[in-house]
Structure formats: structure tokens, C-alpha cells
Protein chains: 10
Amino acid sequence: MATREELTLKIQDEKRSRNLSWKQIAEGIGPGSPILYTAALLGQMTLTKTEAENAARLLGLTAIEATILTEPPLRGSLPALPPTDPLIYRFHELVQTYGTTWKALIEEEFGDGIMSAIDFDMQIEREPNPKGDRVKINMSGKFLSYKRY
Amino acid sequence: MATREELTLKIQDEKRSRNLSWKQIAEGIGPGSPILYTAALLGQMTLTKTEAENAARLLGLTAIEATILTEPPLRGSLPALPPTDPLIYRFHELVQTYGTTWKALIEEEFGDGIMSAIDFDMQIEREPNPKGDRVKINMSGKFLSYKRY
Amino acid sequence: MATREELTLKIQDEKRSRNLSWKQIAEGIGPGSPILYTAALLGQMTLTKTEAENAARLLGLTAIEATILTEPPLRGSLPALPPTDPLIYRFHELVQTYGTTWKALIEEEFGDGIMSAIDFDMQIEREPNPKGDRVKINMSGKFLSYKRY
Amino acid sequence: MATREELTLKIQDEKRSRNLSWKQIAEGIGPGSPILYTAALLGQMTLTKTEAENAARLLGLTAIEATILTEPPLRGSLPALPPTDPLIYRFHELVQTYGTTWKALIEEEFGDGIMSAIDFDMQIEREPNPKGDRVKINMSGKFLSYKRY
Amino acid sequence: MATREELTLKIQDEKRSRNLSWKQIAEGIGPGSPILYTAALLGQMTLTKTEAENAARLLGLTAIEATILTEPPLRGSLPALPPTDPLIYRFHELVQTYGTTWKALIEEEFGDGIMSAIDFDMQIEREPNPKGDRVKINMSGKFLSYKRY
Amino acid sequence: MATREELTLKIQDEKRSRNLSWKQIAEGIGPGSPILYTAALLGQMTLTKTEAENAARLLGLTAIEATILTEPPLRGSLPALPPTDPLIYRFHELVQTYGTTWKALIEEEFGDGIMSAIDFDMQIEREPNPKGDRVKINMSGKFLSYKRY
Amino acid sequence: MATREELTLKIQDEKRSRNLSWKQIAEGIGPGSPILYTAALLGQMTLTKTEAENAARLLGLTAIEATILTEPPLRGSLPALPPTDPLIYRFHELVQTYGTTWKALIEEEFGDGIMSAIDFDMQIEREPNPKGDRVKINMSGKFLSYKRY
Amino acid sequence: MATREELTLKIQDEKRSRNLSWKQIAEGIGPGSPILYTAALLGQMTLTKTEAENAARLLGLTAIEATILTEPPLRGSLPALPPTDPLIYRFHELVQTYGTTWKALIEEEFGDGIMSAIDFDMQIEREPNPKGDRVKINMSGKFLSYKRY
Amino acid sequence: MATREELTLKIQDEKRSRNLSWKQIAEGIGPGSPILYTAALLGQMTLTKTEAENAARLLGLTAIEATILTEPPLRGSLPALPPTDPLIYRFHELVQTYGTTWKALIEEEFGDGIMSAIDFDMQIEREPNPKGDRVKINMSGKFLSYKRY
Amino acid sequence: MATREELTLKIQDEKRSRNLSWKQIAEGIGPGSPILYTAALLGQMTLTKTEAENAARLLGLTAIEATILTEPPLRGSLPALPPTDPLIYRFHELVQTYGTTWKALIEEEFGDGIMSAIDFDMQIEREPNPKGDRVKINMSGKFLSYKRY
């Protein structure tokens, strides 16, 4: 009767004792995005059956644990709101600072609707910079118009 | 004794009665990013003196109101937490879903530290797509390492 | 510098003094759903330009107020969470009681994803019943699969 | 001294290891609604004695656990408020967006009262659609008038 | 554009300047329960058209204000949760102390369901007692069984 | 080092396996109110030494557990606020709806003070009714005047 | 339609412009405790009719405002919880630190019950001390036993 | 790796099985205040090394547990805010009712500053009274002026 | 009946229209710390009578407003908790990150007690640094030992 | 599958049983700041590989536990917000009292931006003082200007 949180803790332990990086694990799971794979291992996304078997082999998980990785989790990764961890908080701060601006500019361009967080993908890259390297994040989400009925 | 919130309401009213878009206003303010300018007019960023004067001319603001636009605001644009507006909420949801993944991958790449939300810039674009256009957002923030002392 | 909340209060006052029902107002606005039109007048949805002009004529609103009705509002109609009003609370209670069940059954049928609250429509009807009439609500939202990337 | 939450975890584990769907389990429990049965197994509704025995046989539960399934649970399935899981959140968002509209239209049609969440039933169906299948939910709750005394 | 809260404040002022008690007002409104009438004047229940006209005559309210008294209010009378006022808090404390006991005993007697707070009535009386008079409250609510479907 | 919550869980388990009702248990404990006894077994009230011994014999509790039943518990039976369980929530809703009315009418009758929740008693009865039986609750609490000093 | 909060603000203004201390005001109101009188003027306690008239004369209040001072207020003086003001917070801190200790020792001495906050009085004095004067507060509340029924 | 909360639970168990009162334990610990000693055993204050050894002998604690009793705890004894237990809540209610009054009167007497909750002591006594005995609490805290710099 | 918050808004307006810096204002008020003076003008500290008169002359305040500046305010400068403004949040983050460390090291050095926030002073300086200037803050608070009694 | 919290508890236990002070441990770990080292051992900062090995040797930690000490933790040391512990609360109180003042003075000196809590260091010292020794804390954080783009 292990919860998804306990599986996440176990995965972090197995990763630590095998001295693997998230990137190495992602490469062993399949050709998909390391972001998607890491999020799945941290209990926020799902893997396909094959991907989950690869992850299980790599990290010493049981068959039942592999199955759990293919099931939609009860999403929500933050133990507190707003998040107390500074790295995660900065993203929350961007929502605080730019929330109404995003709303104004996206609605001006697209009309009344939202950027989907489901039909959504993302990349994270290191952007070399002489004044100090930068974290570059590209997000892309389908625009969904409010249906008129 | 007008508050910054009241100035934001006035700016939205002046924009509405002049039938201006945020993009048109931004072009009239200066060569900077329309995101930065919109955020400033919505009470979350600052304008330079010249930019504020341009904004005041365009929107019929007083000199004192132009001055207020150059002062650092008490930031925080969300009237509720988590945000109730669906467009803004989707960004909050991304933080909920991907928060721990961002932490894992950025720390793996850069070490212990954060992506700055201050030395930070952003673009928003329409990405044409036959299945439905997409909102594309590029963010770039300087990585800051925890100082060891 | 009227806020959307004040416009909602005004609309309720104009409706009251003209002794109009929401259904009568909806019929005067256009052929769309009375639910959509009522939600727009209560500050949660948008009207088209023509619909807003009809609403303005019917309720004695100014041109600027008609414009506001065409703009995406900062959505969120509940002054407290959970809602204190018993009629609204019962819907909240359904989410409390059936939330995990909806998740289990929709995911079993459709896979990992959500029912859209944007590409969404709804009807409300009276269902005559000898033991006491019933409120019948039909909802339909597009299923959106999590994008794999 | 197992809590109802632990029984729910066990049921999910037994279901997983038997490779059963909620629909299959529901068919094995009785002729009632799979929604009602799933909600009961997830700790939000009750089963009859016979239904509970069927469930116990199907899922390898003890007699005492079958008894627990016939007892009214302390309802409330959401570990956070508002719910962090996107599928469940969309229902919460509907309450946020349409709460006051439901109140206005139901009261206009029925008078002062509520739609019962107790004398209530529901169906969930897949609605095929060339632009993407839709989740269709039909709810029906008895209207209850405020008693005048 | 007066809100219901402002109407409640006005009613309390008019009552004060006319030196009327709630009981006297209730007698002037109609033959119904003074509890129901007081709750309506405090913005939590509705009056019939005749009752509202009587209330208006008694308290110097306008016709539009009388109309408002016949409309279902957005219920919820507590400015804070838990309530800070000691008299009201004691009732909250009873729910805290006896909540699970009520659940256990009502379900044992009636089965799975609730006591309605809608099909509900109540009396408040002074109970003379040599050790100090007591407040006696009798409540009666229809039992509603969870519908099986 | 068992907590009171664990003792409550154990009592519910023992009751279940002995197939006893709360009423039967109460009769075995003593001549007092079944409400008081049930509340004590659920961790909100205290039993006398004799009553606790009777309860222990009936439910197979240890001597130390019987002692715990005689000690004032850290009261508060609701795991969430407002309560998520519908049966308990309806009582909370009554406080929300009638809180200010109770205050107005009790103070009008008794002056400035409160109805005690300590010098307090209560009965719960089934009230037969052709339209559906009703739950009848009678409460009686001593009125306490604010001391003037 | 002034609220009690506005009356409190007015009283503080009148006190300031008359250059009166709370003690001087209390002496002008009557022979009762300055604590009780100050609390009444700050919207937490009630005055008798005579006391209220004295207060009105002293502070230039209207007859209707004097009446309000005789009515039980909706108690609760803290604009935030926990209180942000350091002087008030220290009392909250005492409840945090000593809450369970008070419970243990009072129950050991008196049995199961509470110290009344209604049949309650208090004195505040300056206690001269060479290391720095001390604030001395004496509280006395009637012990109330839980009624057994 | 026991937490302080677990030590508190153990102490309560040891006290119970030895049939000791807090007063008896306090007398066995040393000549200090039983309030201070009880608070220390409940995890809110510290004992000296000698006092802790006495407590350990009396209650059958280990040497390491005695050490823990000499360490400053992470203070805060309330599992919920506001406290749900009625005895403790009444103290919270006093802060709610009298908070601004204490601030007004202490500042009038002493100037801008606070009553220390650190350089603080307290006694609790039974005050015999024919109308019912009273709980008498005397508090004394050093007044601390805000430093001017 | 102006509140302290309104006075703070007025002071910020007067400062803006006079084009004064906080430092210039502080120099005009007296020889004390500009931090203390700024905090007083922002509604968190008090000025002496002379200082307040200087501030009033400089900023065009009334005599009554000068008086208010000498009165202890209801302290608490943050409109939200945790603070949403990034500059202020970073200080909150330090408390989050270093709170338990401060507790461990101060208690190890000084024993059980606290650093006073009342007998407290502070300086803020610019620390030139080739990699980017730094904000240097020196705090000094009297250590207060828990009184043993 | 130990969590970081459990490692922190273990470290405190090992420190206690070895009778070591935080300063002694810090000296054994390396030449860095004892604040940084203590924060790392309390789960808020990271150690280098060498430092972690030294800590492990000193405190009897396993190799895997040493590894955990080199990994960025999910920061946030406060179990409640605001913190209930008086020593930690005083720092929170400083943020409450001085938050807007820090914002005003730092922005006046440096322009729009923040003091970094990442490129940050700190010292804590005892400041001898005849009236009672003082805790002296020096903080230094790099000023970061909002990027204009």
C-alpha cells in the first residue's frame, strides 16, 4: 500500500545510490523529453508501459511500481503554498509579477481563452553568457478559445 | 492620495476610451519590450522618466501619476492565491506540476542556486500551428549560485 | 474608474428596477445560451459587440459599460472559499465528494488528461418529478490529452 | 485500527495487481451505477451488504473491510483546497466561474432553495466528436425549497 | 447600487432610531417565525412580497429595498471563520465538539444521509431555571437519504 | 504512547467487530445520555471512572485506555474547517446562516452575554412525519451575562 | 449607517483632539473598571445607558452613537490572526506557549471544564521594579464544569 | 530519533501509569513554579540539568530524554489556530476581545513598548467564591520600551 | 476619522510632490536614525513631539496628524503573508532558510531566550564591491533570557 | 527512503549523544562559516563533498547520508507560518515592522531591485553590553537591479 510520494522517495534513493543523473536516467527511458521523464519519476506525469519498464530496470523498481508510473498521478508537487524553496518560489514570483500582464497580452493577441497547460511542452537550456550563464526556458501551449454556446 | 491600484484602474479606463491596444501603447512609450511596459502600466514594473512622460501624454495622466509610474511598486498582481482566473491559473498549475522538476534539472545542470526573477527577461509570441495556434513564451533568467562563506 | 464588480452590481439593480428576468434579458441579447449570457452579465464571460449593445439598450448601460462586457474579465465569482451560500456550496460539495471518482473514471475511459472547462458548454433544465421536480444539468467538455514531448 | 484512507490505498493496490478496471469491478459488485460504486471504493459513498461482499470477494478484502465499505464515511476526497490535480481542478473552476450564474438561474426557475447533493444522481459518458471526443456529464438533483415557518 | 450588506446596516439603523425590538418588527411583518423574519432582515432569508412591504412600511425602506428583501441573498453571515464573536463562537464550538457524535448517532438511527438545513425550522425560548435561566433551542430538519442509483 | 485519536480508531474497530450500536454501548456504560457517552468515546467528552470501566469491559479496552477516557481530551473533532462531511457541514451551514440571528434574538431576550456550551445539554430524536421523518435536536445552555466590573 | 468600526475611529479622534487619556475618560464615565470602559469604547464591551450618556457628553457623540455603545458589539478586535502588533502578539504568544499547561493545571485543580471569559474580570497595574517596571495583570474567571446529562 | 512531541506523549503516559499529578511531579523536580515545570514537561520550557534528572528519575526517562528536557524546544503548543479546545480557546478569546484595550492602556501608562513574554512569570490559584470558585491568574512581565536610535 | 494607513498614503504623496528623499526628510526631522524616522512615517514607529512637528512642517501635515505620528501605531506593514513584493520577500526567505539556524546558534551562545525586536537597532549601508555593490545590514538586539520562576 | 527531515533529526540526536556544540562540529567540518555549516546540517544549505565526509565522520553518518548533505535541499525550515517559536518569531516581526522601510530605503539608495538572499552572507556575534549583552547580526547581500529589456 505504498503511496506515490513513497515511490518518489524510493526513486530518489535509487538514483542516489546508483550515482545517476536525471539526464542519464532519461536517456535510458526513451527518446522523449528529459523534462517529461523527470516529472513522471517525481510523480507528476505518466510514462508509457515501455518507458516504465526501462525506468524500472534502471532503478531497480518492482513490476507493480512500474505500473504505478504509467498511471495518472494526483498531481501537485508543492508541499506548501506559496512554495518555500527559493528556486521554485522564483517561478511563483513570476506568476505574481506577470500574471495580469500575461492575461492582458495573450487575450489581446488571441481573444478570450487560455494557454493550455495540458497540450503543452517545454525545453530548458543553459544559455552561456559572459556576465554569468542564464537558464533559458521555452514554453509552448495551445491557445484554447472559450467555446460560445 | 491615490493608490497604485487606482492608477491601474484609471489606465485601463483611459486605454478603453481611447480604443488603444497594449501594443500600440507600448510603441508610443519607447523601444523596450511591450511586456515590460504593460507590466509597468499594470503596477508591477517601473518606467524611466521619459517613458513615463510618453505614457502620460498617450493616456492623459497627470505629472504626479507619471512620477508614480517611475517608482518601484509594491509588487504582487494577484487578488487571490491560487489565482482564480483560468488564464493566470494555468501558469500557477505549471508551477504546481513542474516545480520539483525545474528544481531537479536546473540544479543538476548549474549546481545549488536559483534562476533569477530579477535579472530576467521574456518574450511572448504566437506560434502558428495547423492544429490550433500556440502561445510561445521564452524566459531567460541569470543563474545565481548560493554564495559559500 | 468603475470595476467589473461595480458593473455587476449596477446590472443587478437595473434588472430589478425593470422587473426583468435573466431569461428575458438573455432573449433580448441574442440567440445564444442564457447561461452564457447570464454569466457574462455577472462578470464571468464575454459578450460579442452586438450582444453587448443589446444588453446595454435593455439595461440602460453606457457605451463604455457595453465595451467592458466584451472584455475578458478577471474570472472568479466566489467571495469566499469554500462558498458560504448553500446553493453554490452544494456544487462545491459534489467536487469534494466526487472529485477523485471523476478522475478515476474519466482517466480510465480517456487516458491521462482533463475535461476542458474552456471548450465547454452546459444546459440547465427543470425535470418534472412527482416526488419533487429536479434540477438537471448537462455538461460537455472536450477531453484534452496531456501532450507527450 | 486501519483508517478509511488506508482501505482506499489497499483497494487501489488490489485493483492494480488484479489488473481490473473500475468498470469491471463495478460490474462485479452489482447492477448499480459504476460512479456510485467507484465513489464507495474511494471512500465517499456506501455499499449495501451484498455489494460489499461482492467487492470483498473481487478484491481480496477481509470481512471487517467489507463492513467498513457499508458504513457512511467521513466524506471529503480532496487532499488540498482548491484541488491541485488539473482534472479535478477544472470542476472547481466551473464552480468558480458559474457559481453565481447557477444561483441566479436556478432560483429564477425554482424559487429560493437548492439543488440537493444528496438526492442526486449522475452519469458520465463519452461523446464522440470529430474535433475531439467530449466528456459528457449529466447531473440531476432534487430541488429543495427553503421551508417557511 | 447598494449591496445587501448596506441594506442590513440600514435596517439596523432604522430599528435603532425607531426604538423597535426584533420581536416587534416580526409581529409587524406577519404571522411567521420571528427567527425567519430576523434572519431575512439580516440578509440570510427571504420575505414574501407582502411581508417585505410590511417590513418596508415599518422601517422606512424604499420599494426597491423591499424587493431586495424578497430575493434570495448570497448567504453567509459570518465576517470571519471561525467566528470571533463569543455568542456565535459557542455554536461553532458545539459543531467542533459534537460534529462527529451527531454524525454517528444520526446515521445509526436513519442510515446514510443528512439532516436538511433547507427543509428546516427552529424555535428559541427562555427556559426559566433557579440556577440561572437557560437558552433553549429546538431544531427540526428533514432527514434526506443518499439516493442510490 | 498512544494518542487519543488512536484510541478513538480502536474503539470504532472494537465496536465494529462486536457488531454493537452506539446505543447499545451507551446502555452498557450507564444511565447518562447516549450523546454524552458517544462523544466521550469519540474523544470529545469524559466518562466517570465507573463508566469508563464499563466501556472498557464492553469494548475490550485496557485499564490505561479506560483511564484515558476519564481525562479531559484536547477537544476538536473536525479534521478540516469548514467540515467537508455533508452531515456535519449542514450544522456549520446553520451557524453561517443563523449566527447573527441567534446573536440578535438571544441578546434581545437576555441582554449581553452568551449561551454556555459547557453548562449545556442536548437530545436527538426521530420525529415521524408523513413527508419524511425529521431529525429533532433540542439544545439547552445556561445563559451567562458578561460580568460588569 | 455608520459601522461600529467607524464609531471606534471617531472616538479615538475625539479623544485625541480633546487631549484626554483613557483613564480620564473612564473616570468621567462612571465608577466601573477603566478596562471595561476602554474596551467598550473600542467596540468590544457594552456601557449602561447612563455610562453611555456620560461618554457621549465627554466625547461629543450623538444620541444614536450613545445608543450604539449600549448594544452588544460583534466582538473581535484583531484585524489579523495571529495579531501583527508586537504588544498584542506577546499575549498571543503566551497562549501558544502556555495553552496546554493552563489546560493541564486548571483541569487538575478543578476537573473537566473551563475558565469563563464572560463571568470574568481583570486588573492591570504598574509594578515598580528596580530592574525595570513590570506590567502586572490579574485575571479572574469563574470555573464552569462541563454539565453531565 | 524521537521528536519532542513523542517525548511529551511518553511523559503523559508515564504520569498516567504512575498515577501522579502535575503538582506531585513538580514537587519532585524542584522548588520552582509548577507552571514552569509543567510547561517544560509539555515541551514549551526548559529544565536545569538537576531538575531534568529529577524528572527523569520520577518518570522513568532515559538520560538522553533528560538532556532533551534541558534544551530550548521549538515552542508552540497549539495544534490548530485558533485553538479548538474550549479551555484554551477562552484565553484566545480574551486576546480577541481585550487585545486593543491592553494595547491602549499599557501604552498610556508605560509609553511605546511591550510587556515581555520572556522576562515573565505567572501564578494560577483557586479563588473560593460562594457563587462558584474562580480561576485566578496573575501575570507579570517586564515592560520593554522601543529603543530609540 | 483618518486611519493611520491614510496618513501613510498622504505622507508618500507629500514627499512625492515636494520631490524629497527619505534621507532629506530624516535630516529635517532630527539627529536620529533615518531608518527609525522612515519607519515612523510609514506607520510602524513613533516620533517624539519635536520630531513630529518637524515632520509636519516639512511635509505639510496638520497638528492632529503630527499627534498621530507620536502615538504607537497598530504595527504590521505587510498587506499579505508571505509578502508578495520581491524585495521584502527576500527577507522573509531569510527567515524561512535561517530561522532554525539562528535559533540553534543564538541559544548555544546565550542560553534559552530571544533577541529582542524592541530593544533593537539597525543600520543599512551600501558596501561597494567590484562584482556589484552590496546591501549591508547590521542588526543589534538585546538578548533576553527566559525568566525562571 | 529517509527524508531530509529524518536526517536532520538524526544529526540532532548524534550531536546530543556526542555532547558536541554546533561550533565544535563546524570546526570539524572545515574553515567555512559555522552559520553555513549549521544551516546545512539543519537541512537548508549544502556542504561540499569533503565537508560532508568530515561531518559524517564526526557524527557517525552513513555514506549515503553524507551524499544527501551535498544535495540542494527543498528549503524552508519553519513548520508553521508565522513561526510559533518566540526566538524565530522576533525575526518575522522585524520583517513585519521594517519590511516597507527596507523597501523604501534600499530602493532610494540603489534603484529598483532587491537584496539577494542567494549571493548573501552573514555573521552572528555576541556584543558585550553592561545593560545586558546583545546579539549582533551582520548581513550582506548583493544588490540586483531589475533587468530592463
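Me: Leaving aside its neighbours within four places in sequence, what is D:Glu65 in contact with?
Reply: D:Glu65 is in contact with D:Leu7 and D:Lys10, once neighbours within four places in sequence are left aside. Bear in mind that this is a predicted model.

Me: Where does D:Glu65 sit, and is it buried or exposed?
Reply: D:Glu65 is in helix α5 of chain D, residues 63-70. Its relative accessibility is 14%, so it counts as buried, the cut-off being under 20%.

Me: Switching to chains. How is chain B related to chain A?
Reply: Chain B superposes on chain A by a rotation of 180° with 0.0 Å of shift along the axis, at an RMSD of 0.0 Å. That is the relation of a two-fold axis.

Me: Which residue of chain B comes closest to the rotation axis?
Reply: B:Asn138, with its C-alpha at 2.2 Å from the axis.

Me: How many residues are in contact between chain B and chain A, and what area is buried?
Reply: The contact takes 67 residues of chain B and 67 residues of chain A. The buried area is about 6,800 Å², and carbon and sulfur atoms give 66% of that. The copies meet through the same surface, because 100% of the interface residues of chain B are also interface residues in chain A.

Me: What about polar contacts there, and which elements of chain B touch chain A?
Reply: There are 28 residue pairs in polar contact between chain B and chain A, both residues being at pLDDT 80 or more. On the chain B side, the elements giving two or more residues are α2 (22-29), α3 (34-41), α6 (86-110), β1 (113-127) and β2 (134-145). The largest share, 24 residues, comes from α6(B). By class, that side has 33 nonpolar, 16 polar and 18 charged residues.

Me: How many salt bridges between chain B and chain A?
Reply: The count is 10. One of them pairs B:Arg126 with A:Glu109, with the closest N and O atoms 2.8 Å apart. B:Arg134 and A:Asp121 also meet in a salt bridge, at 3.1 Å from N to O. That pair runs from strand β2 of chain B to strand β1 (residues 113-127) of chain A.

Me: Are B:Arg134 and A:Asp121 buried or exposed?
Reply: B:Arg134 is buried, with a relative accessible area of 6%. A:Asp121 is buried too, at 11%.

Me: Next, chain G and chain J. How many residues does the contact take, and what area is buried?
Reply: Eight residues come from chain G and eight from chain J. The buried area is about 690 Å², of which carbon and sulfur atoms give 48%.

Me: How many salt bridges between those two?
Reply: Two. J:Glu93 forms a salt bridge with G:Arg90, and the closest N and O atoms are 2.6 Å apart. By class, the chain G side that touches chain J has four nonpolar, two polar and two charged residues.

Me: What does A:Arg90 form a salt bridge with?
Reply: I:Glu93, with the closest N and O atoms 2.6 Å apart. The pair crosses between chains, from helix α6 (residues 86-110) of chain A to helix α6 (residues 86-110) of chain I. A:Arg90 is buried, at a relative accessible area of 1%, and I:Glu93 is buried at 1%.

Me: How far apart are chain A and chain H?
Reply: They do not touch, and their nearest C-alpha atoms are 17 Å apart.

Me: Last one. How many salt bridges over all chains?
Reply: The count comes to 176.

Conventions
Residues are numbered from 1 along each chain as its sequence is written. Chains are lettered from A and ligands numbered from 1 in the order in which they are written. This is a predicted model: local features need pLDDT of at least 70, side-chain atom pairs count only at pLDDT 80 or more; totals for chains, interfaces and linings use all residues. Side-chain values use heavy atoms; hydrogens and water are left out. Helices (H or I, at least four residues) and strands (E, at least two) are DSSP runs, numbered from the N terminus. Buried means under 20% relative accessible area, exposed over 50%, partly exposed in between (1.4 Å probe, protein chains only). Contact means heavy atoms within 4.5 Å. Copies are superposed by least squares on the C-alpha atoms of residues with pLDDT of at least 70 in both. Buried area is the accessible area (1.4 Å probe) that two parts lose on being put together, summed over both. A salt bridge is a side-chain nitrogen of Lys or Arg within 4 Å of a carboxyl oxygen of Asp or Glu. Ala, Val, Leu, Ile, Met, Phe, Trp, Tyr, Cys and Pro count as nonpolar, Asp, Glu, Lys and Arg as charged, and the others, Gly among them, as polar. A polar contact is a pair of N or O atoms within 3.5 Å; within protein, one must be able to donate a hydrogen and the other to accept it, and residues adjacent in sequence count only if both atoms are side-chain atoms.
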